[in-house]
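Let's take a friendly walk through the charged contacts of a protein chain, and end with a look at its surface.

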Amino acid sequence: MGNQGLGEINENGEMFTEMCSSNNMIIGGTLFPHKRSHKITWVSPDGRTENQIDHICINKMWRHSLLDTRNKRSADIGSDHHLLIGEFRLKIVRTDTRNINTSTRLDIQKLKNPNIRQQYRQQLQLNITNIAPHGNVDSKWNAIKDAFVDAGSKVLGHQRKTKKDWICTTTWEVIDERRRKKAAVNSARTRASKEAANRQYETLNKSVKRMCRLG
């Protein structure tokens, strides 16, 4: 497992290590030296029990690609688990993208405008006029297709993708408040203050989940 693990191993941990051993994998969270607070991945609802039960595993063949593993306590993920992150170093293979079709939809709604529709006709007629009369069926088809696409790109343009907001402003305000309570839990100096802040955080977390379900 490594020398940097946190806590005592239990039956589930033994089965987990056996699975990793059988599949030639290593447990990243046990390899890198960090403060205890950066190894904890789960905190009980009462804030008293802390443990390292979430892990990032990697095949031993790629051991040197894993540079670090630690938690991010400040990340507000609405869970009693801390966000676990890993830092990897990968060598990306270059891909030839010259023949990849990255077509997008034309904004055909503009054709409802008589002026734009006339401009499109004129551009399309110009493109078709410039098509060479000779060639086989495939080359003629490609030339005609390119004429339509070129006219559409020049006159109509492409559709813009817009994302619909799925969380309302009120929900975002509650999420911001939950994030502040999360920070208060992490910065609490005493057990009592930590438990009080954790109860407030759990209340806000339930509110956020309920509001997201309602849309």
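A salt bridge here is a side-chain nitrogen of Lys or Arg within 4 Å of a carboxyl oxygen of Asp or Glu. Keep in mind that what you see is a predicted model. By this rule, the chain has seven salt bridges.

Start with Lys 194 and Glu 50, which form a salt bridge with their closest N and O atoms 3.0 Å apart. This pair ties together distant parts of the chain, since Lys 194 sits in helix α5 and Glu 50 in strand β3, 144 residues apart. Glu 50 counts as partly exposed because its relative accessible area is 24%. The contact also belongs to a network of salt bridges that links Arg 36, Glu 50 and Lys 194.

Now look at Glu 195, whose side chain meets that of Arg 48 in a salt bridge (3.0 Å, N to O). Here, too, distant parts of the chain are linked: Glu 195 lies in helix α5 (residues 191–214), and Arg 48 in the loop between β2 (42–43) and β3 (50–51), 147 residues apart. Glu 195 is buried because its relative accessibility is 17%, while Arg 48, at 53%, counts as exposed.

What about Arg 178 and Asp 76? Their salt bridge has its closest N and O atoms 2.9 Å apart.

Ile 85 belongs to strand β6 (residues 83–88), and its relative accessibility of 31% makes it partly exposed.

Notes. Residues numbered from 1 in each chain as written. Predicted model: local features only at pLDDT ≥ 70, side-chain atom pairs only at ≥ 80, totals over all residues. Heavy atoms only, no water. Helix = DSSP H or I, 4+ residues; strand = E, 2+ residues; numbered from the N terminus. Buried < 20%, exposed > 50% of the residue type's maximum accessible area, 1.4 Å probe, protein only.
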